[in-house]
Amino acid sequence: MLNKLKALPIAIQQYLVVTFSYWAFTVSDGALRMLVVLFFHQLGYSPLEVAMLFVLYEFFGIVTNLVGGWLAARLGLNVTMHLGLLLQVIALTMLLVDPQWLTVAYVMVAQALSGIAKDLNKMSAKSSIKMLVADNAQSTLFKWISILTGSKNALKGVGFFVGAALLSWIGFRGAILAMAVVLLLVLIFSIIMLQRDLGKAKNKPKFSDIWSKSAPVNHLSLARFFLFGSRDIWFVVALPVFLHAQLQWPPIYVGGLLAAWVIAYGIVQALAPKLTGFSRQNAPDGYHVWLWSFPLFVLPLLIAAAVYFEWAVIPALTVGLLIYGAIFAINSAIHSYLIVSYADAAGVSLDVGFYYMANAAGRLFGTLLSGWVYQVAGLAACLVISALMILVASFISKMLPRKAQTV
C-alpha cells in the first residue's frame with residue numbers, strides 16, 4: 001500500500017496522508033467523548049459534573065488555535081499534526097489508571113490535553129490543504145476542504161457509535177487501550193509519509209503575529225463565533241437533556257439521534273460543492289455566506305414556537321433538526337473554504353489558527369449558555385437566542401468580500 005501511495009502525484013499523496021491521519025484522530029475524538037459521557041454517567045456522576053469534564057477541552061481549544069497557528073508557521077504543519085496525535089495518545093493513556101484515580105479534576109486535565117490535541121490536528125490538516133492546491137484552482141480547494149471537513153464530521157458521528165460499542169464489548173479500559181494503540185500506529189505512519197517542511201513559513205513570524213491583520217479574516221472569524229455559538233446553545237446540552245428529561249427518551253435513543261445527525265451533517269458538508277453547484281462554477285464568496293446563513297434565523301424560531309406551544313414537538317424537533325443540519329453544514333463548508341482562501345499563503349496556519357480560535361470560543365460560549373439558559377428558561381428560550389445569534393452572524397457576513405480572494 002505504501003508503494004502505491006508513493007507512486008501518486010505528491011499533492012494527492014500528501015492530501016491522502018493528511019486526510020487519513022485526520023480521520024483516525026476524529027474517530028478517536030468522537031469515541032472518547034461518548035466513552036467519557038457514558039462511563040462517568042454509569043459511575044453516578046451528575047449531568048452537570050459530566051458537562052464540567054469538557055469545559056477545559058473547549059477552553060484549551062481557544063488557546064491552542066491561537067498559539068498553534070504560530071507554532072505551525074515556525075516549526076511546520078507536520079510537527080503540529082504529529083504533536084496533536086501524540087497528545088491524544090497521552091490523553092488516552094492517562095485514563096488507563098485505576099478507576100479510583102478518575103476524579104473530575106483528573107479527567108478534566110486529560111480532556112484538556114485531548115482538546116489541545118484535537119485543535120492542533122484540525123488546524124494542521126486544514127492549513128496544509130492550502131499548501132497543496134494552486135492559487136488558481138479555487139474550485140479544487142473548495143472541493144478538497146469540503147471533503148475533509150464533511151468526512152471529519154461524519155466520522156465523529158461514527159466515533160460516537162464506536163465508543164459506545166467498545167464500552168459494551170471490551171469495557172472502558174479496553175476501549176481506551178485499543179484506541180491508544182491504533183493512534184500510535186497512525187502517528188508512526190504519518191511521520192514516515194508527511195513532508196517535513198509542509199507549512200513552515202520562510203520568515204519566522206513573531207508571537208504578536210497570532211492576531212490577524214486581515215479584515216476579511218477578522219470578519220469571517222467573528223461571524224464564525226456567533227454561528228457556532230448559535231448551534232451549541234441548544235444542541236450540546238439543552239436538546240439531549242430535553243429529549244431525555246421532558247420527552248422521556250432512553251439515553252440510547254438520544255445518543256443515536258445525535259450521532260445520526262452528526263453523520264448526516266458531515267455527508268452534506270462533504271457534498272456541499274455539488275449541492276451548491278460551486279464545483280462547476282466559480283468558488284463561493286462573502287455574499288454566499290450571508291445567503292446561506294440567513295435561513296438559519298427562521299428555523300430555530302419555528303422549532304421554538306412548536307416547543308413552547310407544544311405543537312407536534314417530536315416531529316418539529318426531528319424534522320427541524322435535519323433541515324437545520326443540512327443548511328448549517330453548507331454554511332460551515334463555505335466558511336471552511338473561505339478561511340483557507342483568505343489566509344496568507346506565507347503563513348496560512350496563523351490565519352487559520354486565529355479563525356478556529358473564534359470557532360472554539362463560540363462553542364465554549366454556546367455550551368455554557370446552553371446549560372444556563374435551559375436551566376433558567378427551557379429549550380424554547382435557547383432556540384430564540386440561537387436565532388438572534390445567527391442574525392448577528394448573518395449581518396457580519398455582509399462585510400465579507402464579494403469575491404473569494406487571498407489576502
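In the predicted model, 15 aromatic pairs are present. One of these joins Phe-59 and Phe-60 in an edge-to-face arrangement, with ring centres 5.4 Å apart and an angle of 80 degrees between the planes. Phe-59 is partly exposed, with a relative accessibility of 40%, and Phe-60 is likewise classed as partly exposed, at 25%. A stacked geometry is found for Phe-309 and Trp-311, where the centre-to-centre distance is 4.8 Å and the planes are 15 degrees apart. Because the relative accessibility of Trp-311 is 51%, this residue counts as exposed, whereas Phe-309, at 46%, counts as partly exposed. Ring pairs also connect Phe-228, Trp-234, Phe-235, Trp-261, Tyr-265, Tyr-324 and Phe-328 into a cluster.

Aromatic faces are also approached by charged side chains. Arg-33 is positioned over the face of Tyr-57, at 5.0 Å from the ring centre. Lys-398 lies over the face of Trp-290, at a distance of 4.5 Å from the centre of the ring.

Four salt bridges occur in the structure. In one of them, Lys-156 is paired with Asp-29, and the closest N and O atoms are 3.6 Å apart. This pair links distant parts of the chain, since Lys-156 belongs to helix H7 (residues 138-193) and Asp-29 to helix H2 (residues 10-42), a separation of 127 residues. Both Lys-156 and Asp-29 are buried. A further salt bridge brings together the side chains of Asp-119 and Lys-118, with an N to O distance of 3.4 Å. Asp-119 has a relative accessible area of 1% and is therefore buried; Lys-118 is also buried, at 9%.

Arg-231 and Asp-232 form another salt bridge, in which the closest N and O atoms are separated by 2.8 Å. Arg-231 is classed as buried at 10% relative accessibility, and Asp-232 is buried with a relative accessible area of 2%. Through shared partners, salt bridges join Arg-231, Asp-232 and Arg-363 into one network.

Arg-224, located in helix H8 (residues 215-235), is buried yet lacks a salt bridge; the nearest side chain of opposite charge, that of Asp-119, is 9.4 Å away. When neighbours within four places in sequence are set aside, the contacts of Arg-224 are Ser-332, His-335, Ser-336, Tyr-355, Tyr-356 and Asn-359.

In helix H9 (residues 238-246), the buried residues are Ala-238, Leu-239, Pro-240, Phe-242 and Leu-243. Gln-248, which follows H9, has a positive phi, near 65 degrees.

Definitions and conventions. Residues numbered from 1 in each chain as written. Predicted model: local features only at pLDDT ≥ 70, side-chain atom pairs only at ≥ 80, totals over all residues. Heavy atoms only, no water. Buried < 20%, exposed > 50% of the residue type's maximum accessible area, 1.4 Å probe, protein only. Helix = DSSP H or I, 4+ residues; strand = E, 2+ residues; numbered from the N terminus. Lys, Arg positive; Asp, Glu negative; His and termini not counted. Contact = heavy atoms within 4.5 Å. Phe/Tyr/Trp six-rings, centres within 6.5 Å; stacked < 30°, edge-to-face > 60°. Lys NZ or Arg CZ within 6 Å of the ring centre and 35° of its normal.
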